[in-house]
Amino acid sequence: MAGGRLPGLLFLLHAAARLAAEQEVENLSGLSPNPEKDIFVVRENRTTCLMAEFAAKFIVPYDVWASNYVDLITEQADIPLSRGAEMKGKCGTNESELEISWLEQAYTLKLFFLKEGHNSSRGQEAFWRLSRIQFTYDTAERTYFKDAVSPGKHTASSHRLSALVTPAGKSYECQAQQTISLISSDHQKSVQLLLSEVRVQPFDITADFVFSEEHKCPVDQREQLEETLPLILGLILGLVIVITLCVYHIHHKLTANQVQIPRDRSQYKHMG
């Protein structure tokens with residue numbers, strides 16, 4: 001019997017080792033100069049298939065007893081995504097996932113990405129988006145929750161989400177802060193996810209550990225325009241001043257070379 005079990009055990013160990021070799025996950029947050037920013041990489045078959053870096057914080061409302069122990073009041077927990085978080089991911093042709101957990105799985109964030117196509121005036125175009133977010137939290141955890149009523153695990157999820165929309169083959173970049181609302185299983189409370197310094201690419205990565213060309217969010221594009229517009233206007237104004245001075249100089253030179261006709265007619269006899 002023991003001899004019959006050994007080949008099966010060896011097969012399972014071989015399969016597990018093969019799976020581990022085919023997929024790797026790495027938390028590279030220590031490479032970020034910003035202590036609030038995390039970097040996650042999923043690799044399959046020794047090739048990077050998903051990269052994500054961002055700073056994230058959750059604002060979670062929860063109930064506590066008032067001083068009279070009769071009424072309930074709402075407090076707020078600010079929960080940052082901790083460095084050293086555990087992670088796993090899954091890459092696919094049209095669907096990818098990233099799962100991050102921290103503080104002994106008291107908190108788990110799941111991000112779901114979808115790639116799809118649509119018809120436009122330029123024909124069929126493909127794009128990807130963040131299609132769903134799921135955040136599980138435990139109000140019994142004492143780091144961020146203080147004396148929560150009926151402590152336990154709850155799940156906050158997005159509803160009909162279409163965020164980080166990006167043309168296929170590009171990465172999404174947004175330095176500005178974005179807020180995404182989630183609905184919690186804890187009496188339908190609204191949980192806020194704050195994202196900033198985002199760079200994500202869940203599909204079509206062509207170089208290992210390297211993002212493809214970035215697609216900037218509208219807020220970043222507007223801020224970039226606001227930064228460059230004064231410079232452009234200054235250059236235009238300087239050019240107008242230079243042209244005006246040149247025209248004046250040429251006009252002054254031409255008029256200086258013309259023969260001056262005396263206004264007093266008695267001086268005509270001296271001309272010629």
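## Disulfides, a cavity and a pocket

Modeller: Welcome! In this predicted model, the link of Cys49 and Cys91 is right-handed, with 75° about the S-S bond.

Biologist: Thanks! How many residues apart are Cys49 and Cys91?

Modeller: This pair links distant parts of the chain. Cys49 is in strand β3, while Cys91 sits in the loop between β5 (86–90) and β6 (95–102).

Biologist: Is Cys91 buried or exposed?

Modeller: A residue is called buried when its relative accessible area is under 20%. Cys91 has 16% relative accessibility, so Cys91 counts as buried.

Biologist: What is the handedness of the disulfide of Cys174 and Cys217?

Modeller: Here the sulfur atoms of Cys174 and Cys217 are 2.1 Å apart. The torsion about their S-S bond is about 65°, so this disulfide is right-handed.

Biologist: And where is Cys217?

Modeller: Its partner Cys174 belongs to strand β11 (residues 171–174). The pair links distant parts of the chain, 43 residues apart. Cys217 lies in the loop between β14 (214–216) and α2 (218–257).

Biologist: Let's turn to the cavity. Which element gives the most to the lining of the largest cavity?

Modeller: The largest cavity has a volume of about 50 Å³, and among the residues that line it are Phe54, Leu111 and Val200. Two elements give two or more residues to this lining: β7 (107–120) and β13. The one that gives the most, with 3 residues, is β13.

Biologist: How many residues of that lining are nonpolar?

Modeller: Leu and Phe count as nonpolar, and so does Val. The lining of the largest cavity has no polar and no charged residues. Its nonpolar residues number 8.

Biologist: Now the largest pocket, please. Which elements give two or more residues to its lining?

Modeller: The largest pocket has a volume of about 190 Å³. Of the 13 residues lining it, those closest to its centre include Glu36, Lys57 and Ser196. The elements giving two or more residues to the lining are β3 (47–65) and β13 (190–201).

Biologist: Leaving aside neighbours within four places in sequence, which residues does Asn34 contact?

Modeller: Contact here means heavy atoms within 4.5 Å. With those neighbours left aside, Asn34 is in contact with Arg83 and Glu197.

Notes: Residues numbered from 1 in each chain as written. Predicted model: local features only at pLDDT ≥ 70, side-chain atom pairs only at ≥ 80, totals over all residues. Heavy atoms only, no water. 1 Å grid on protein atoms, 1.4 Å probe; cavity = no way out; pocket = protein on both sides within 12 Å on 5 of 7 lines; lining within 4 Å. Points joined across faces, edges and corners; volume = space filled by probe spheres on them. Helix = DSSP H or I, 4+ residues; strand = E, 2+ residues; numbered from the N terminus. Disulfide = S-S within 2.5 Å. Buried < 20%, exposed > 50% of the residue type's maximum accessible area, 1.4 Å probe, protein only.
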